[in-house]
Amino acid sequence: MSAFQLEQTYNNFINGEWVKAASGKTEPSINPANRNEVVGHVPASGVEDLNQAVAAAKAAAKSWRRLTGAERGNFLFQAANVLERRANEVAEAMTREMGKTFPEAKGETMRGVAILRYYAGEGMRKTGDVIPSTDSEALMFTTRVPLGVVGVIAPWNFPVAIPIWKAAPALIYGNTVVLKPAQETAVTAAKVLECFEEAGLPAGVLNLVCGKGSVIGSALAEHPDVNGITFTGSNEVGKRVGAAVLARGAKYQLEMGGKNPVIIAADADLDLAVEGTISGGLKSTGQKCTATSRVIIERKVYDAFKEKLLAKVEEIRLGDGMSGGSWMGPCASEGQLNTVLSYIQKGQDEGAVLLAGGNRPDSPELAEGFYVQPTVFEGVESHMSIAREEIFGPVLALMPVDSIEKAIALANDSDYGLSASIYTQNVGSMLSFIRDMDAGLVRINAETAGVELQAPFGGMKMSSSHSREQGQAAIEFFTAIKTVFVKS
Ligand SMILES: NC(=O)C1=CN([C@@H]2O[C@H](COP(=O)(O)OP(=O)(O)OC[C@H]3O[C@@H](n4cnc5c(N)ncnc54)[C@H](OP(=O)(O)O)[C@@H]3O)[C@@H](O)[C@H]2O)C=CC1
Ligand SMILES: O=C(O)CCC(=O)C(=O)O
């Protein structure tokens with residue numbers, strides 16, 4: 001089916017070469033669908049390796065930024081073509097490393113291809129404006145320059161799309177990059193880097209260093225030669241990374257958690273709403289920052305919606321993402337499984353009522369994987385942990401309300417503001433939701449997850465550093481504006 005081979009040993013990619021960690025240490029990357037399967041061996045790098053990668057990126061920066069945007073774009077077009085050709089292999093690495101189903105992994109890989117092509121095209125677009133000067137003899141305009149070396153710290157939940165949606169704009173606008181992937185998905189990251197290598201990217205322009213976040217991620221954030229850090233991951237780590245980068249006067253961008261609500265209005269198409277809630281909340285085992293976790297339902301349709309939702313949840317087939325019949329794979333790691341189980345326990349302890357799931361599945365063929373049943377609670381109050389904290393698992397909290405105004409107020413009662421949906425046919429309700437919902441993505445009659453690569457992506461409140469990624473918004477982070485005043 002694909003050229004992917006298990007149990008290979010992968011290296012760091014520094015200055016155009018695949019090199020072992022200086023310590024020689026590696027660690028196994030294991031399959032969350034079967035803890036006994038070693039997907040590959042990945043470097044357990046130290047600060048010495050990171051320093052070499054940053055030095056290589058710094059040395060490559062001068063000639064890379066001097067290329068035209070079109071020339072840089074050609075490398076991205078080539079990388080896209082290679083990734084497209086190797087999509088099955090890359091997607092298989094992803095499914096085996098972090099558990100999402102193969103069709104989802106393939107879809108994400110093809111999204112990576114599309115992102116590369118989008119940013120390749122950006123190399124031909126404008127980078128400034130002419131601004132009238134008060135001096136009639138002068139020409140005043142803006143231009144943009146790259147930051148220099150950009151550090152990318154990426155999570156495991158979108159191991160192809162996120163590194164690419166950070167690295168591709170960094171590269172097209174003339175930066176060089178050091179990527180620190182999540183150690184859980186370092187094999188997938190190495191596969192992506194192989195595509196750039198095959199595309200002929202010059203040495204040092206894109207480097208990969210695998211190792212613990214507390215070692216490599218924090219050293220990258222603190223490195224004096226790294227001019228910008230773009231991070232996606234947890235709030236706790238994101239805040240620490242932001243503080244470290246701010247302290248040395250460099251630029252940072254953080255995309256963090258969500259506690260995303262969906263509102264089901266009394267006039268909603270309930271079948272569509274159930275489909276969007278299941279897909280938004282449970283696909284990828286709920287491990288998306290845009291995943292639906294709070295389901296706010298107008299009381300008039302609460303029972304009807306609940307019945308339809310539970311019937312669909314019942315039909316969900318858990319299993320290894322590589323086998324065709326599986327709809328939902330395991331949690332990405334044992335740690336993630338334990339986090340989800342502890343939230344389920346907390347939900348019960350705090351008085352919520354379990355309607356479905358709540359445990360690991362009992363079938364023997366799933367016993368070696370980090371599986372958890374899709375779980376639905378009702379009786380959830382806004383103060384409870386499962387209504388406030390990001391679980392990052394397949395857990396839905398049902399919350400009834402008496403009106404759309406109350407639904408929006410409840411939806412906004414969160415420290416997070418990433419994505420939010422409403423299912424309704426009433427234009428007034430749609431407009432109130434668009435106006436009053438505090439979230440970076442507001443979606444009408446569509447699930448909370450699923451972002452489009454050409455549109456800005458980011459959150460309000462604690463969900464982000466208030467910057468936006470993707471689409472043309474990316475230029476704001478990856479470049480600095482220079483205002484130029486010219487007089488003869
Ligand atoms: N917004 C989102 O898309 C994501 C949110 N999360 C949330 O975070 C929770 C925990 O997931 P987890 O993977 O541990 O997320 P982390 O925030 O720990 O990891 C994200 C990235 O940061 C790295 N990292 C870890 N510690 C540091 C550090 N001290 N300095 C710099 N970088 C560091 C990680 O490396 P490594 O892990 O390899 O050591 C990884 O590459 C999830 O349950 C979920 O709630 C997680 C992933 C994505
Ligand atoms: O919903 C999506 O497609 C993207 C989600 C995302 O960026 C994340 O989970 O980190």
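Residues are numbered from 1 along each chain as its sequence is written, and side-chain values use heavy atoms, without hydrogens and water. In this predicted model, local features need pLDDT of at least 70 and side-chain atom pairs count only at pLDDT 80 or more, while totals for chains, interfaces and linings use all residues.

**View 1. A patch of positive charge on the surface is formed by K62, R65, R66 and K482.** Patches are made of residues with over 30% relative accessible area and no salt bridge, with like charges joined within 9 Å and nonpolar side chains (Val, Leu, Ile, Met, Phe, Trp, Tyr) within 5 Å. A salt bridge is a side-chain nitrogen of Lys or Arg within 4 Å of a carboxyl oxygen of Asp or Glu. Helix α1 (residues 47–66) supplies the largest share of the positive patch, 3 residues. R65 lies in helix α1 and counts as partly exposed because its relative accessibility is 40%. Buried means under 20% relative accessible area, exposed over 50%, and partly exposed in between (1.4 Å probe, protein chains only).

**View 2. V130, L139 and V486 make a nonpolar surface patch of about 270 Å².** V486 belongs to strand β21 (residues 479–487); helices (H or I, at least four residues) and strands (E, at least two) are DSSP runs, numbered from the N terminus. With 38% relative accessibility, V486 counts as partly exposed.

**View 3. E92 sits in helix α3 (residues 87–98).** E92 is buried because its relative accessible area is 7%. Apart from neighbours within four places in sequence, E92 is in contact (heavy atoms within 4.5 Å) with S2, F4, F102 and M322.

Note on methods
Chains lettered and ligands numbered in written order. Areas by Shrake-Rupley, 256 points an atom, 1.4 Å probe, with all protein chains shown as cover. Lys, Arg positive; Asp, Glu negative; His and termini not counted. Charge placed at Lys NZ, Arg CZ, Asp CG, Glu CD.
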